[in-house]
Structures are given as structure tokens and as C-alpha cells.
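Colleague: I am new to this kind of model. Can we go through the labels and see what each one rests on?

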Amino acid sequence: MARKYFGTDGIRGTTNVSTMTAAMAMKVGMAAGAHFARGDHRHRVVIGKDTRLSGYMLENAMVAGFTSVGMDVVLVGPMPTPAVAMLTQSMRADMGVMISASHNPYADNGIKLFGPDGYKLSDADELAIEALIDGEVPLAAAADIGRARRVEDARGRYTHAAKSTFPGDLTLDGLKVVIDCANGAAYQVAPSALWELGAEVIAIGVTPNGKNINDGVGSTAPDTLCETVVASGAQIGIALDGDADRLIVADETGRVIDGDQLMALIASGWARQGRLAGGGLVTTVMSNLGLERHLAAQGLGMVRTAVGDRYVLEKMRASGYNVGGEQSGHIILSDYATTGDGLIAALQVLAELVRAGAPASEVLHRFDPLPQILKNVRFKGGKPLDDARVKDAIAGAEAELDGKGRLVIRASGTEPVIRVMAEGDDRGQVEAVVDRVCDAVRAAAA
């Protein structure tokens, strides 16, 4: 059954348009609160947010929704998404909420929900909540309305938890690190954790004003990070996104290192230490074929899923893997977290760098990626992928790349865009294949 409001990562949209209004946020609070009201105990929800201006509006609307159905609310303020997941579990809450649109511009916002175990909700839970959003939710009696309170030590709790994942026999003493927090949720916790572990910290993207989240900074705009690393003489740079569930890294030369390279680094290191579960890692159809070949050369496997960290995590849990993620920098280390955590992943990267005692440009570059071309085609409506012209173009492209590369076509889960990706040993061939498919999609969408 198709979901009406939930996409691949919660509910997301432009603030005060369509689904992302105060009225909708209140309905989500009421519906989710009613869905997770199980048992006779006093129920509670942990709510965090990033630094978007609209976070104030949506936070208050959700408080109204949850308290109206009898659920107490614990507010933790601006915190990374993985921190909310961790606090939901550690505080024995019935559920958690993160108000964020991740790497999107400030005008967008979103609502991510976590169950009492700190994991994102299943499709079944989301469908049940959607049914309640569109239905009638019984309100609590006057004496049973929930209460709301703010917790002041939430940042300290998460910072301590993140630091505890860094190997106790190592230190960041003498390491100059640039950390870019995207003017987002980690603007306080990430620089603090790195400094407390001994690093010399140069922090950028740490002056949020409600409208500058992800604006020219963060993991989706790494130029500022790269320039700062080179200008400051830092050994490494780390960029998080708006809610700090993903990262990218820059080496000392200013070269960007993507999630595929970082997963290869962590998986190889953990394999040497006997810590890698499942005999490999889980990633998505978008990860480079070079990663797969690199792991195979070490006797390690790689399992692909649909795009979206939720699908990566589902496969990890089902098959016993403890490392997984996406090329975009979502990295899930299930020994430590129930979702992608940019700071914790960064600490594992830093641990490998310290152990190696070599420049980041040598340590972090694990394999030469195959030429990979990704293009997006925006459309206004309809289903371009069902058009016969598009199907024929895809079939021809797959036949041409057979045995020499891969083709991945998918519709975005958050916007009206068709993503066309191909990779292979011959860059010219890959570009030609992608262009032909994109042309067919444009013609179908016209």
C-alpha cells in the first residue's frame, strides 16, 4: 500500500505549504501519540530539531498534538538526528521525533519518527499513523493532558556517548581538524567532542541564524571546507549536513572523500581488528562498482539495497552486518547507533587516520572509482518511467553496459525528479548512455 505523507525519510516539504504546516505537525503529533500509547504507564516522547526558523513553529505544534492525546514531551532543542534516536532509547521514551529536512535549504522542513528502540519506523507503523492523521483521534481527558519540559543536559549525554566510541588507546592530540557543521544541529556538540578528544579544532558553519542551514556550508557544499583545510594547514576536514546524520571528508590537499571511500576505510579497519560482522558491508545501488571490486579483493562482500538509509539498515539488521551506508555519506555503524551518525562515523575515520600515522590523502583514498555519471531530470507530473520510449532506452543502455558497468534509474522519494546513473570502465560510453536515457525521460515528461 502506497504511503500518502511519509517519504523515504519521514514527512518533508516546504514550510507552510502542503504537508509541512503547523496544523499538519499537530495532527502528526496526535496520530503518532495515539499510535504509541501502549499500556497504562505515563507515555513520553523526545523531540529534537535542527536550526531552521520553522523549527519553533513545528516544535510547538507537535507539543500541542502530543500533549492533547496524553503524552508527555521532553524537548532537547537543536540536536543531531542520531542524538534524538539515542536519547529516545536511553530515556526509555515511547517514541522520538526529529524536526529536520536534513540537507535541504532552510525553507524546507520535515518530521522523522523513531520507535522506543531508537530505530526509524516500519512501513506498517507509518501506514497506521497516516490512517490516524486522516481519521479521528480521541483526545485525552482534561486531567490526563500531557506536560512538556526541556532537558538541559541532552547535549552532554550525546557528546559523552559519541566520544565513548573512539578507541580508548588513541588520542587526537596534535591533529588539526576542520569541522563544518552546516549551521545545523551539530553546531555545538561536534566541535566540543573533537576538542575534548584532544584535537585542535577549526569550526565553521557554527553560527546558525535560522536561515543559513546548509547555505554554502556542510556536506552538500564542501568547497568552504576544502578551502579552509588548505588555508589552515589542517590534516583533515569533516563536513556534516543539517541534521548531522551524514558526512563527507576532505584530505589535507582539499580533495573530497565520499561515503564509498569512508565505508571502505572503516570496513577494512574493522575486518583487520576482527570486528566486522557479516563478512562485508551493506550499501545501495548508487555505490561505485570500484568499492565492490575493492572489497572483493580483500575477501569481503557487499550487498546492495534500494536508495535510502532505512533500507540499508533493514538489511543490516536482517543479515547481521554492522557497517553500512550510502555514497552520499550516510554511514550506519550499528555497534554504536540505530541510524546514520556523522559524528560517530567521523570518529572512526579519525581513529584509522591516527593508527596509520600517514597523511589523509594516503589513508582515505582506498580505491580508484569507476567513471560514474549521475544526472537528474525534473518533471511536472505523470510517470515518465512507464513511457515506452523510456523503457526502450533503458533496455538498450543495459544491453550496452552488460558486463562492463551498471545502470540505475530511480524516481526521487522527496521531489519530482528522475535520477539516471551509470558507471563503467569507459567514461565516454557511460556519458553517452546516460544522455540517451535522460533525453528519453525529458521527451516523455514534455
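Modeller: Let us start with Ser102. Leaving aside neighbours within four places in sequence, Ser102 is in contact with Arg12, Asp50, Arg52, Lys112, Asn214, Asp241, Gly242, Asp243 and Asp245. Contact means heavy atoms within 4.5 Å. This is a predicted model: local features need pLDDT of at least 70, side-chain atom pairs count only at pLDDT 80 or more, and totals for chains, interfaces and linings use all residues. Residues are numbered from 1 along each chain as its sequence is written, and side-chain values use heavy atoms, with hydrogens and water left out.

Colleague: Why is Ser102 called buried?

Modeller: Its relative accessible area is 2%. Buried means under 20%, exposed means over 50%, and partly exposed lies in between (1.4 Å probe, protein chains only). Therefore Ser102 counts as buried.

Colleague: Where is Ser102 in the chain, and which label does UniProt give Ser102?

Modeller: Ser102 sits in the loop between strand S4 (95-99) and strand S5 (108-114). Helices (H or I, at least four residues) and strands (E, at least two) are DSSP runs, numbered from the N terminus. An unreviewed UniProt entry lists Ser102 under "active site". UniProt positions are given in the numbering used here, feature names are shortened, and annotations may be inferred rather than shown by experiment.

Colleague: What makes Asp123 and Arg3 a salt bridge?

Modeller: Their closest N and O atoms are 3.2 Å apart. A salt bridge needs a side-chain nitrogen of Lys or Arg within 4 Å of a carboxyl oxygen of Asp or Glu. So the pair Asp123 and Arg3 qualifies. The pair links distant parts of the chain, 120 residues apart. Asp123 is in helix H4 (residues 123-133), and Arg3 is in the segment before strand S1 (11-14).

Colleague: Why are Asp123 and Arg3 called partly exposed?

Modeller: Asp123 has 34% relative accessibility, and Arg3 has 22%. Both values fall between the two limits, so both residues are partly exposed.

Colleague: How do you know that Asp9 and Lys112 form a salt bridge?

Modeller: The closest N and O atoms of Asp9 and Lys112 are 3.1 Å apart, which is within the limit. Asp9 lies in the segment before S1 and Lys112 in strand S5, so the pair ties together parts that are 103 residues apart in sequence. Asp9 has 12% relative accessible area, so Asp9 is buried. Lys112 has 1%, so Lys112 is buried too.

Colleague: How many salt bridges are there in the whole structure, and which residues are linked in a network?

Modeller: A search of the whole structure finds 30. Asp9, Arg12, Lys112, Lys120, Asp243, Asp245 and Asp309 are linked in a network of salt bridges. Another pair is Asp50 with Arg52, where the closest N and O atoms are 2.7 Å apart. Asp50 and Arg52 are both buried.

Colleague: What makes a set of residues a nonpolar core, and how many residues has the largest one?

Modeller: A core is a set of buried Ala, Val, Leu, Ile, Met, Phe, Trp, Tyr and Cys residues joined through side-chain atoms within 4.5 Å. The largest nonpolar core has 67 residues, and Ile238, Leu247, Leu350 and Leu364 have the most contacts inside it. Helix H11 (residues 342-356) gives the largest share of this core, nine residues. Apart from it lies another core of 28 residues, among them Tyr5, Leu58, Met71 and Val73.

Colleague: Why is Pro80 called buried?

Modeller: Pro80 has a relative accessible area of 1%, so Pro80 falls under the limit for buried. Pro80 is found in the loop between strand S3 (72-78) and helix H3 (81-90). Beyond four places in sequence, Pro80 touches Met98, Tyr158, Ala185, Ala186, Val189, Asp243 and Ala244.
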